[in-house]
Amino acid sequence: MNHLRLEIICWSCLLIAMAVSTEAASVWKLPTAQMVYEDLEKCRQESLEEDAATLRCLVKKLGLWTDESGYNARRIAKIFAGHNQMEELMLVVEHCNRMEQDTSHLDDWAFLAYRCATSGQFGHWVKDFMSQKEVER
């Protein structure tokens, strides 16, 4: 009887955790270049133009960063899914996130992990994504 009760509790906890994560994931939406520029302007003002603080503010507003785990590689990969290299991109982001992890200097962690991840092909994709707004004007 105790075994069955424990099993029910475990399954209940699992279902609650899945529901919470599904709800959180369904709220997040792919950012547009317009959204990025608007949030970037707000973050520049909030962080007094300091690059690392501005970047961390921006990626938090876009739902791509948490102070506990850094960059959300899956969400970043979804933004660039059209390049058909989601798994590779997630590996790069996760690697850079781990390599630069520094919970006592969050702005630096965000900045250095970003610089690491965008040092290759991903950096070109980011520039292309950001240039979409300029084309819209």
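**Figure 1. Lysine 60 and its salt bridge to aspartate 67 in the predicted model.** Lysine 60 is partly exposed, with a relative accessibility of 38%. The side chain of lysine 60 pairs with aspartate 67, and the closest N and O atoms of this salt bridge are 3.3 Å apart. Through shared partners, salt bridges link Arg56, Lys60, Asp67 and Asp107 into one network.

**Figure 2. Arginine 56 and its salt bridge to aspartate 67.** The N to O distance between these two side chains is 2.9 Å.

**Figure 3. The salt bridge between glutamate 41 and arginine 44 within helix α2.** The two side chains meet at 3.6 Å, N to O. Both residues lie in helix α2 (residues 33-46), and because they are three residues apart, about one helical turn separates them. Glutamate 41 is partly exposed, at a relative accessible area of 39%; arginine 44 is also partly exposed, at 33%. The structure holds six salt bridges, including this one.

**Figure 4. Residues 10-23, a segment with pLDDT under 50.** For this segment the model has zero contacts beyond four places in sequence. The protein as a whole averages a pLDDT of 80, and 77% of its residues score at least 70.

Methods
Residues are numbered from 1 along each chain as its sequence is written. Side-chain values use heavy atoms; hydrogens and water are left out. pLDDT is the predictor's confidence in each residue, from 0 to 100. Contact means heavy atoms within 4.5 Å. A salt bridge is a side-chain nitrogen of Lys or Arg within 4 Å of a carboxyl oxygen of Asp or Glu. Helices (H or I, at least four residues) and strands (E, at least two) are DSSP runs, numbered from the N terminus. Buried means under 20% relative accessible area, exposed over 50%, partly exposed in between (1.4 Å probe, protein chains only).
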